[in-house]
Amino acid sequence: MITEIVPTDPTRPDPGAIARAADLLRAGRLVAFPTETVYGLGADALDPAAVRGIFEAKGRPGTNPVIVHVADPRQAGAVAAAWPEAAARLADRFWPGPLTLVVPRGPAVPDEVTAGGPTVAVRCPAHQVARELIRAAGRPVAAPSANRSTELSPTRAEHVLKSLGGRIDLILDGGPCPGGIESTVVDVTGPAVRLLRPGPVTVPMVEWVVGRVEVGPAAGGVARSPGQMAKHYSPRTPVVLAYSQEEADRLLDQFLNSGLLPLSLNFRGPALCGGVPESLKLGLDSSPEKAAADLYAWLHAFDDGKADRIVVEMPPDTPEWAAVRDRLTRSAAS
Ligand code: TXA
Ligand code: MG
């Protein structure tokens, strides 16, 4: 299969590009598109064969459910069996935007989307290309991140092409994703509102709207968000975490002394450390939003086999950094 790449303006999507991609979705084909978080790999959410195509292209285990994307909050009614009070409040406050709500699954949703489970994850993205594509397709769109399973999420069309080129029909290239990190996933089906994946919408932001939020899977419960398996979001180059500048410097020295070439990454802005060559030092912005926007792009760029290790000096342990810390921790798990 040849993967077609169709450029479009991110804020005023090209009608021809949207129509072409929407036709493919209606025909049961796979289309990658930009969202405000990362690129998604879309298929008609109500067509089981089309959704199976997503799993084949990604090499994703069928046990990991996918998020259904809707053009507006009303369309969520097509996939949810009920809309709990907490969902209504959170959608009202954060949609369109980088928040995914896990709600009771409606009868139209195939098993392929939910991994056979009783709930469905729904999100109304803010990116204009995503919204117009879903609207033009006239149906909800199932979309995980547009990468092979366990690889880094794509924040640019070229990342999608590198990972899925030849395996999908079309990539709508709307430029870099502004957010850069996957949506916050919140489960509102239980007695307590539960955060399943940290993201751009932080715990304090959710709590401000619905009160107390539990973090992580319910005790003794099944793996409710299997995408949260440790090995995920991984570059090929091993990532080593440091919890202070001193520890990072020590690790860098240690690797250099044993003949390994480390790349150093921190969140303090442009930085100097150890005897690492200038070209392998990277200081990301000290604002969580700006750092998140660039994080995957840099990890993709540095995952070219030049460095032997990536030494990451972790950002502070505060709610605003929780999503970045979560992805870094997962990128280091092997
Ligand atoms: O920002 C995002 O969320 C991106 C863009 C494309 O929207 N999508 C994304 O999808 O990150 P994916 O498949 O890479 O991650 C979806 C996460 C996984 O951790 C999955 O296990 C969880 O959502 N999930 C999906 N359906 C679920 C459900 N019914 N219950 C619990 N967790 C669910
Ligand atoms: Mg993913």
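Trainee: What should I know before reading the values?
Mentor: Residues are numbered from 1 along each chain as its sequence is written, and chains are lettered from A and ligands numbered from 1 in the order in which they are written. Side-chain values use heavy atoms, without hydrogens and water, and in this predicted model local features need pLDDT of at least 70, side-chain atom pairs count only at pLDDT 80 or more, and totals for chains, interfaces and linings use all residues.

Trainee: How far apart are the centres of domain 1 and domain 2?
Mentor: The bounds come from an automatic or database domain assignment. Domain 1 covers 4-215 and domain 2 covers 239-331. Taken over C-alpha atoms, their centres are separated by 29 Å.

Trainee: How much area do domain 1 and domain 2 bury between them?
Mentor: The size of an interface is often given as the accessible area lost when the parts come together. Here buried area is what two parts lose on being put together (1.4 Å probe, summed over both). Carbon and sulfur atoms hold 62% of it, and the total is about 1,300 Å².

Trainee: Which residues of domain 1 lose the most area to domain 2?
Mentor: Look at the side that domain 1 contributes. Three residues together make up 41% of what that side buries. They are Leu152, Ile181 and Pro198.

Trainee: Which residues form the salt bridge with N and O atoms 2.8 Å apart?
Mentor: A salt bridge is a side-chain nitrogen of Lys or Arg within 4 Å of a carboxyl oxygen of Asp or Glu. The rule finds one across the interface of domain 1 and domain 2. The pair at 2.8 Å is glutamate 182 and arginine 327.

Trainee: Is asparagine 266 buried or exposed?
Mentor: Asparagine 266 sits in strand E13, residues 262-266. Strands are DSSP runs of at least two residues, numbered from the N terminus. Buried means under 20% relative accessible area, exposed over 50%, partly exposed in between (1.4 Å probe, protein chains only). Because its relative accessibility is 2%, asparagine 266 counts as buried.

Trainee: Which residue has a side chain joined to that of arginine 268 by a polar contact of 2.6 Å?
Mentor: Arginine 268 lies in the loop between E13 and strand E14 (281-283). A polar contact is a pair of N or O atoms within 3.5 Å; within protein, one must be able to donate a hydrogen and the other to accept it, and residues adjacent in sequence count only if both atoms are side-chain atoms. The partner at 2.6 Å is glutamate 313.

Conventions:
Helices (H or I, at least four residues) and strands (E, at least two) are DSSP runs, numbered from the N terminus.
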